[in-house]
Amino acid sequence: MGTMLDATVDVPVAVETSKLQDADESFPGDKKITVVFVLGGPGSGKGTQCANIVQHFGFTHLSAGDLLRAEIKSGSENGTMIQNMIKEGKIVPSEVTIKLLQRAMRESGNDKFLIDGFPRNEENRAAFEEVTKIEPEFVLFFDCPEEEMQRRILGRNQGREDDNIETIRKRFKVFMESSLPVIEYYNSKGKVRKIDAGKPIEEVFEDVKEIFSPYSAQVA
């Protein structure tokens, strides 16, 4: 399995990842890279907190879904391939998403990254470590009750078609089933930092700041 963008069928697909012409195979090389995986269900508030972490700690925020959408929008050969796979209900292979993440990391010039919404499953996780040779510093897990996430999403008023109770519950179930094994794997290695994301934004960020304090002196 790879990364889904509104896809529903898991079909193994052979993809020529060499089409990601700008991805640097040697990245990160000898460069010391700090990667934090950010996981949390829909409505857990991880996007808001990622913006805070970027502002206060100098990390670069990378969203796997955003990178895939940007590649499609670019009209590149690779983007067309991704778009066609999604239209056919296929899952974008992990390696394609990882190459996009590698390219974005290299082009950013930074050495500290929040990778948001990835890995979505165990296969993503194993592939990321195999391809990049990078193990995350830790996993930031925004743990939020389903009822609270549901309340937040329904209160967004962003006009998203998938913001109805049935779909929200389905998204939550998919997140739990696919991401929990990833969280459990890193927890067994002492690498999970769990945040009570059911609290108000300001209180959640106070907890986040404690976790990230070793990484910068920029916090007020």
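User: Which residue in β3 is the bridge partner of L62?

Analyst: In this predicted model, L62 has I115 of β3 as its bridge partner. In general, the strands of a sheet pair through backbone hydrogen bonds, in either a parallel or an antiparallel manner. Here β2 and strand β3 (residues 112–116) run parallel and are joined by four bridges.

User: In what order do the five strands form the open sheet?

Analyst: The order is β2-β3-β1-β4-β5, with parallel pairing. Because β2 (60–63) and β5 (192–196) each have a single partner strand, they stand at the edges, and one side of each is left without a neighbour in the sheet. From one strand to the next, the twist averages 25°.

User: Which strands does helix α1 lie across?

Analyst: Helix α1 (residues 46–57) lies across β1 (34–40), β2, β3 and β4 (138–143), and runs at about 175° to β3. Helix α2 (residues 64–74) also packs on the sheet, where it touches β2 and β3. The direction of α2 makes about 70° with that of β2.

User: How many helices and strands does the protein have?

Analyst: The secondary structure comprises eight helices and five strands. Of the 220 residues, 48% are buried.

User: What pLDDT does the protein average, and where does pLDDT stay under 50?

Analyst: The average pLDDT is 83, and 81% of the residues score at least 70. Over residues 6–23 the pLDDT stays under 50; for this stretch the model has 33 contacts beyond four places in sequence.

How values were computed:
Residues are numbered from 1 along each chain as its sequence is written. This is a predicted model: local features need pLDDT of at least 70, side-chain atom pairs count only at pLDDT 80 or more; totals for chains, interfaces and linings use all residues. Side-chain values use heavy atoms; hydrogens and water are left out. Two strands pair if DSSP finds at least two bridges between them. Helices (H or I, at least four residues) and strands (E, at least two) are DSSP runs, numbered from the N terminus. Axes are lines fitted to C-alpha atoms, for helices over the stretch in contact, and angles run from 0 to 180 degrees between N-to-C directions. Contact means heavy atoms within 4.5 Å. pLDDT is the predictor's confidence in each residue, from 0 to 100. Buried means under 20% relative accessible area, exposed over 50%, partly exposed in between (1.4 Å probe, protein chains only).
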